[in-house]
Amino acid sequence: MDSSISEGEKSPKEASLSASNGQKDVESGDDQLHRGLRSHHLQFIAIGGTIGTGLFIGSGEALATAGPVGCLIAFLFVGSIVFSIMTSLGEMATFIPVAGSFTVYASRFVDRSLGFAMGWIYWFSWSVTFALELVAAGLIIQYWDANLSIGIFIAIFWAIFTAINFLPIRYFGAFEMWFSSIKVITIIGFIIFAICIDAGAGQHGYLGFHTWINPGPFVESITTGDSGKFIGFWSVLVTAGFSYQGAELVGIGAGETHDPAKSVPKAIRWTFWGILSLFVSTIFFVGLLVPSDTPDLSIGTTNASASPLVIAANLAGVPVLPHIINAVLLTAVLSAANSNVYSGSRILVGLATEHNAPAFLARTNKYGTPYFAVAVTSAMGLLAFLNLSENGGDVFDWLLNITAIAGFITWSCISICHLRFMKALKARGISRKDLPYSAPLQPYLAWFGLFFCVLILLTNGFTVFIEWSTSDFFAAYVSLILFLVLLVGHKLIYRTKPVKTIDVDLDRDRVKQ
């Protein structure tokens, strides 16, 4: 650990004064988070936050909505968007590795109001997702005994993961690495299992691509013909985006990474290609083994038995495998819950550092743990108990609607930050070739990501305009409305102005080369 890291609490102001020559030492950080993470820790934290209910359970509904080929194309397409976002984030995070990452960049490169709105909706997304994962864990356990109350497990797991996030970052990183490894091994094992079953090892003999023929490669939605197939495809893009959300956690952890100039680019490359290959392979083989008209696929929101992996095992006639897969689903969900608290707390630190949240949230203990930020984020997990009340489930569903497309809002803002970052570099006469990591195909790739993220944001609820439903309209657009309220409200109150290109701060927290 760096000798510059002092023992005891440090506020951002105190930390900045302790640096030599009046300049903050990037190795200790303004917020005094310790740089105890390595490249492989970053990868597994991102994998832990990404591979969860979206892939293991939500993909079943996506398969039923778009069909095997439509669902596969959707995940590949959103994967290309994620690639643009990850490379943009990588270029900024290696140059300025700071806690809070892109929320800090939004405040410094574009407008403080954008950083405020982006940071708070992103924090809310992860903190509510923590509650979602706790509920999902209880539902998965109910697969074995439906009489058990999920409240018991919500309380137990909430206490466990709150405690884990109070550990020093090096221990947290190691714990999450091993936890996430179980998910990776499971997916690889499922792929091997799927190949064997598809080749004829199951009770139905050789399957091949029979599900692409009957019931077919695409599913028609709302209307018939090609229009119906396209609607089915487009409507699952949000599901795919929700599944990929978390890949950007590599940037969140940059402020606690040893030697970020080398660790972050390596982590981004391995994280993206690892997540893409695992996701696409899983969707491809699930589409081969599970017909899109399987009734169980439509109950994924309430019953863990609707996981397409469990359904595939049941259809193959392997009696014990569904229980094994369900056990792994439990570890997958719990690992995601662990990453949720981590990412949410670090976003709060970034918000506090940029004066968009109370300053006490950035305070850390002698181990570099931002205990106030962890406590506030973890407390949101208690919303999971809403599911135990008679009407609480409806309230919880509305909270989840806010998080549904928060990932696309964040990704859009990351692209905007990168475009602004490149413009600021040019104004300062800094060549991108001299950066620790230079993103490819720029600025075209950043524009590509921005265009499609905004397009999906605006059209994610397009089906309500075909068959109008007021409740569905607000469910689809409430997060976008909330983001605009935060943005406009902050700007009206604080009268902020966009940062001029020449005034963009590229020196604070800058990595030493």
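Which helix gives the most to the nonpolar patch? Helix α20, residues 470–494, does, with three residues. Helices here are DSSP runs of H or I with at least four residues, numbered from the N terminus.

Before I go on, a word on the model. It is predicted, so to speak of local features we need pLDDT of at least 70, side-chain atom pairs count only at pLDDT 80 or more, and totals for chains, interfaces and linings use all residues. Residues are numbered from 1 along each chain as its sequence is written, and side-chain values use heavy atoms, with hydrogens and water left out.

Back to the patch. Trp-398, Phe-474, Ile-481 and Val-485 make up this nonpolar surface patch of about 360 Å². A patch takes residues with over 30% relative accessible area and no salt bridge; like charges are joined within 9 Å, and nonpolar side chains, meaning Val, Leu, Ile, Met, Phe, Trp and Tyr, within 5 Å. A salt bridge is a side-chain nitrogen of Lys or Arg within 4 Å of a carboxyl oxygen of Asp or Glu. The areas come from the Shrake-Rupley method with a 1.4 Å probe, and for residues only the protein chains shown count as cover.

Take Val-485, which lies in helix α20. Val-485 counts as exposed because its relative accessibility is 53%. The cut-offs are under 20% relative accessible area for buried, over 50% for exposed, and partly exposed in between, with a 1.4 Å probe and protein chains only.

In the segment after α20 sits Arg-495. Its phi is positive, about 55°, although Arg-495 is not a glycine. Arg-495 counts as exposed because its relative accessibility is 65%.

His-355 also is not a glycine, and has a positive phi of about 65°. Look for His-355 in the loop between α14 (321–353) and α15 (371–379). At 62% relative accessibility, His-355 is classed as exposed.

Now helix α12, residues 260–289. From first C-alpha to last, its 30 residues reach 42 Å, close to the 44 Å expected at 1.5 Å a residue. That expected span is 1.5 Å times one less than the number of residues. Is α12 mostly covered or mostly open? Mostly covered: 21 of the 30 residues in α12 are buried.

Last, the cis peptide bonds. One joins Asn-214 and Pro-215, with omega about 15°; Pro-215 is in the loop between α8 (210–213) and α9 (225–235). Another joins Gln-442 and Pro-443, with omega about 5°. Pro-443 is in the loop between α17 (406–428) and α18 (444–459).

Methods: Helix = DSSP H or I, 4+ residues; strand = E, 2+ residues; numbered from the N terminus.
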